[in-house]
Amino acid sequence: MSGRSFGASSPKSFNAYPRGEFDIESLSFRNPRKLRISELKFTRMLKSIANRFKYFYKLHPVMVFCLSLLFGAMVLCIISFYESRLRLLSSYKNFDAPPRSYPLPRLKNLVMVAGHSVYTSSSCGKVDNDNSWYLESYQKHPGQAATFVSHIKEGVEVAAKDHEALLLFSGGETRKDAGPRSEAQSYWLVAESKGWFGQCLEDPWKLKTASLAPSDPSVIGEEDVRDRALTEEHARDSYENLLFSVCRFRELTGSYPQNITVVSYDFKEERFANLHRSAIRFPASRFFYVGTPSSETSREAAKKGESLVRFQFEKDPYGCLSSLHPKKLRRDPFHRSIPYPNGCPEMEGLFRYCGTSLYSGPLPWA
């Protein structure tokens with residue numbers, strides 16, 4: 001027995017307990033050597049990657065710099081994209097209001113009359129007189145005022161046939177010499193002065209109280225249409241006539257229009273029905289256009305001018321890059337602050353967008 005060795009150095013030594021630390025949770029022993037080996041491998045791998053990067057940087061410093069810039073730009077784009085999405089979602093929650101808080105929640109369709117001039121006369125009996133309107137040099141043709149009145153009447157008639165339609169006269173304070181009067185308010189006052197084409201009032205600012213004979217075919221549901229006729233007073237061009245009116249519809253009804261009808265000159269149908277409608281990606285099957293003729297003396301000049309403007313919008317659908325942009329700025333002589341898209345947060349991306357290709361972001365109707 002004495003010749004046998006039972007020490008730790010003996011090849012036949014027996015360990016009563018395995019080496020390592022006992023893990024109470026797993027009821028097993030942990031081997032610290034394995035952990036140290038894995039940690040060493042991970043550290044060596046990081047050092048190897050760092051050394052390779054340094055070597056590559058010494059060989060291609062310009063390429064590394066460009067790749068770093070590209071990576072940084074991608075990260076910024078991703079962050080800005082998700083930040084705008086989060087901001088848009090938060091604005092939906094902030095603007096979400098109960099249906100009763102909107103003035104006209106039952107209306108579903110939009111009838112928009114695009115403004116072209118400002119009415120400057122104080123007399124309601126001169127709406128057909130060219131001198132009663134502030135006309136630009138290209139508008140000074142005999143019979144021009146009558147075309148404005150025909151737009152107003154046509155818009156009233158279209159809205160009268162649809163009791164779920166909101167009639168909006170659209171156009172801002174575009175003429176400095178005409179004073180701070182908007183095109184939209186001018187059109188509304190002309191309709192009011194005409195008794196919504198039932199009879200003329202002496203004072204267009206007063207509510208019509210005269211009774212109208214129901215058998216009179218010229219009466220177009222005056223009270224009903226008047227209650228559904230309002231203004232959009234910030235648009236500076238035809239694209240904004242459409243865009244701002246859709247937003248204004250959302251402000252007044254709490255929803256977006258199921259159908260849109262635009263009233264303007266017949267030679268502008270291509271611009272509105274195709275270019276502007278496509279720019280906001282509104283479905284063609286729910287978009288309608290009612291065109292009235294221009295005066296005979298301005299027809300040829302109007303067609304030539306329209307072809308030029310249409311070409312500009314084809315190249316610049318949102319009117320923010322070409323000569324359309326400074327032209328738009330000149331039509332804001334009083335520097336009115338545009339409230340949109342505060343009233344239509346779902347369209348914020350479209351309002352902020354500027355480019356030659358069509359906006360591809362989310363829209364309530366697309």
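Are Phe-282 and Trp-365 buried or exposed? Phe-282 is buried, and Trp-365 is buried too. Buried means under 20% relative accessible area, exposed means over 50%, and partly exposed lies in between (1.4 Å probe, protein chains only).

A word on the model comes next. This is a predicted model, in which local features need pLDDT of at least 70, side-chain atom pairs count only at pLDDT 80 or more, and totals for chains, interfaces and linings use all residues. Residues are numbered from 1 along each chain as its sequence is written, and side-chain values use heavy atoms, with hydrogens and water left out.

Start with the whole chain. It has ten helices and nine strands. Helices (H or I, at least four residues) and strands (E, at least two) are DSSP runs, numbered from the N terminus. The chain has 366 residues, and 40% of them count as buried. Now look at contacts, meaning heavy atoms within 4.5 Å. Take the contacts with a separation of 6 or more: residues 24 or more positions apart account for 71% of them.

Return to the opening pair. The structure holds 16 aromatic pairs. Rings of Phe, Tyr and Trp (its six-membered ring) pair if their centres lie within 6.5 Å. Planes under 30 degrees apart count as stacked, over 60 as edge-to-face, and the rest as tilted. The ring centres of Phe-282 and Trp-365 are 5.7 Å apart and their planes stand at 55°, so this pair is tilted. It links distant parts of the chain, 83 residues apart. Phe-282 sits in the loop between helix H7 (269–279) and strand E9 (287–292), while Trp-365 sits in the segment after H10. Elsewhere, ring pairs join Tyr-119, Trp-133, Phe-148, Phe-169, Tyr-187, Trp-188 and Trp-196 into a cluster.

Two members of that cluster, Phe-169 and Tyr-187, also touch Ile-152. Ile-152 is found in helix H3. Its relative accessibility is 0%, so Ile-152 counts as buried. What does Ile-152 contact, leaving aside its neighbours within four places in sequence? The list is Val-113, Phe-169, Tyr-187, Val-190, Ala-191 and Phe-197. Ile-152 and Tyr-187 are 35 residues apart along the chain, yet their C-alpha atoms are separated by 6.5 Å.

Covalent links come next. A disulfide is a covalent bond between the sulfur atoms of two cysteines. Here it is a pair of cysteine sulfur atoms within 2.5 Å. By this rule the count is two. One joins Cys-247 to Cys-344, with 2.0 Å from S to S. The torsion about its S-S bond is about -95°, so this disulfide is left-handed. Cys-247 lies in helix H6 (238–253) and Cys-344 in the loop between helix H9 (324–330) and helix H10 (348–352), so the pair ties together parts that are 97 residues apart in sequence. Cys-247 is buried, at 0% relative accessibility. Cys-344 is also buried, at 0%.

The other disulfide is formed by Cys-320 and Cys-354, their sulfur atoms 2.1 Å apart. With 105° about the S-S bond, this link is right-handed. Cys-320 lies in the loop between helix H8 (299–315) and H9, and Cys-354 in the segment after H10, so the pair ties together parts 34 residues apart in sequence. Cys-354 is partly exposed, with a relative accessible area of 39%. Counting bonded cysteines along the chain, the pattern is 1-3, 2-4.

Finish with the empty space. Rolling a probe the size of a water molecule over the atoms shows where such space is left. The search uses a 1 Å grid over the protein atoms alone. A cavity is a set of points where a 1.4 Å probe fits but cannot get out. A pocket is an open set with protein on both sides within 12 Å along at least five of seven lines. Lining residues have an atom within 4 Å of a point. Grid points are joined across faces, edges and corners, and a volume is the space filled by probe spheres set on the points.

The largest pocket holds about 960 Å³. It is lined by 40 residues, and Tyr-138, Gln-139, Lys-268, Lys-327 and Arg-331 lie nearest its centre. H8 gives the most to this lining, with seven residues. There is one cavity of 30 Å³ or more. The largest cavity has a volume of about 70 Å³. Its lining includes Gly-172, His-234 and Arg-331.
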